[in-house]
Amino acid sequence: MSNSTAGSTPRYFVPEPSRHPAFAAFGLFWVILGAAQWINGVDWGKYALFLGLAWLFWVLYQWFGDSIHESEGGQYGRKIDLSYRWSMSWFIFSEVMFFGAFFTALWWMRSHSVPALGGVDNALLWPDFKAVWPTVAPGTTASPAGIIEPFQVMTPFWLPTINTALLLSSGVTLTIAHHALRENHRSRTIAFMWITVLLGATFVAVQGYEYFHAYTDLNLKLTSGAYGSTFFMLTGFHGFHVIVGMLMLLFITLRLMKGHFTPERHFGFEGAAWYWHFVDVVWLGLYTLVYWM
């Protein structure tokens with residue numbers, strides 16, 4: 001269904017009723033139920049979680065496939081393009097708020113919670129407590145109450161710095177690919193897109209090794225007090241977003257190899273690029289506030 005004139009792209013394409021939203025909700029129901037049961041020790045929870053994820057990915061594969069066919073079939077005009085741009089902009093804004101909440105939690109603990117615990121009113125409870133953030137005074141991370149094992153903090157050298165170079169380089173290669181697409185140099189676009197995907201995959205691998213190093217060599221865990229919880233929540237969620245962004249770029253690259261996108265019409269590419277540059281900016285904040293400060 002569409003509002004169009006004869007022989008032209010629809011002014012605004014309205015798809016037929018779809019089963020995809022209901023099927024996706026069904027899969028998400030089992031994902032949430034399975035996760036809740038699993039963390040509460042129910043054995044079947046993990047099976048429900050993974051089956052729900054498999055169902056959800058199958059639905060998304062079909063849903064995205066339908067959208068691609070509609071786009072390549074000439075159903076999407078300027079209004080749809082504008083709608084997608086606004087949708088992606090609001091999605092990235094929601095992600096800004098998401099990470100902003102975690103950065104605010106980090107600032108609040110460093111500037112308010114920890115100093116308050118070291119105040120006069122808590123001196124009798126924890127006389128040996130040092131109200132300093134672990135990265136400011138290494139060696140003061142032991143728990144006076146004995147509930148947190150001593151640990152070492154993660155420094156910026158060298159794994160986080162390597163990952164910073166990888167992400168910044170991927171932003172450059174992605175920009176080169178975008179300019180190549182706008183100039184209709186498809187082979188060059190594909191080559192630099194594969195380089196970008198490879199840089200993203202290398203980032204994930206290095207972060208995986210960083211976590212292994214933290215657990216085995218530094219005794220730094222999610223349970224290592226406020227520092228450990230904020231470190232793994234911030235870096236872990238960012239790593240998840242890197243994986244999502246890398247998959248988006250991978251699928252865009254595969255579509256490019258199939259001949260999709262033109263120099264004039266390629267918002268699928270641009271939307272993935274926006275997301276990847278957002279991930280880059282978040283990492284720069286993480287690198288500065290978590291590793292250096």
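**Figure 1. Overall fold: seven helices and two strands make up the secondary structure of the chain.** In order from the N terminus, the elements read β-β-α-α-α-α-α-α-α; helices (H or I, at least four residues) and strands (E, at least two) are DSSP runs, numbered from the N terminus. This is a predicted model, in which local features need pLDDT of at least 70 and side-chain atom pairs count only at pLDDT 80 or more, while totals for chains, interfaces and linings use all residues. Residues are numbered from 1 along each chain as its sequence is written, and side-chain values use heavy atoms, with hydrogens and water left out. Along the principal axes, the C-alpha atoms fill a box of roughly 80 × 45 × 30 Å. Of the 293 residues in the chain, 35% are buried (under 20% relative accessible area, with exposed meaning over 50% and partly exposed in between; 1.4 Å probe, protein chains only). Among contacts (heavy atoms within 4.5 Å) with a separation of 6 or more, 70% join residues 24 or more positions apart.

**Figure 2. The largest nonpolar core holds 46 residues.** Such a core is a set of buried Ala, Val, Leu, Ile, Met, Phe, Trp, Tyr and Cys residues joined through side-chain atoms within 4.5 Å. Met154, Met193, Leu220, Tyr227, Phe231, Leu256 and Phe269 touch the most other members. At least two residues of this core come from each of α3 (78-117), α4 (159-182), α5 (186-216), α6 (225-257) and α7 (267-292). The biggest giver is α7, with 14 residues. Take a look around Phe269: beyond its neighbours within four places in sequence, Phe269 is in contact with Leu174, Ala177, His178, Leu181, Thr189, Met193, Ile252, Leu256 and Phe261.

**Figure 3. Helix α5 has 31 residues and reaches 45 Å from its first C-alpha to its last.** That span is close to the 45 Å expected at 1.5 Å a residue, the expected value being 1.5 Å times one less than the number of residues. Its buried residues include Thr189, Ile190, Met193, Val197, Gly200, Phe203, Gln207 and Glu210. The cover over the buried residues of α5 includes α4, α6 and α7.

Figure 4. Most residues other than glycine have a negative phi, and most peptide bonds are trans. The peptide bond from Phe157 to Trp158, however, is cis, with omega near 0°, and Trp158 sits in the loop between α3 and α4. In the loop between α5 and α6 you will find Asn219, whose phi is positive, near 55°. Phe261, in the loop between α6 and α7, also has a positive phi, near 75°. Phe261 is buried, at a relative accessible area of 7%.

Figure 5. Rings of Phe, Tyr and Trp (its six-membered ring) pair if their centres lie within 6.5 Å; planes under 30 degrees apart count as stacked, over 60 as edge-to-face and the rest as tilted. The count comes to 31 aromatic pairs. Phe102 and Phe237 form a tilted pair, 5.4 Å centre to centre with 35° between the planes. Phe102 is partly exposed at 21% relative accessible area, and Phe237 is partly exposed at 30%. The rings of Phe157 and Trp292 are edge-to-face, because their planes stand at 85° with centres 5.4 Å apart.
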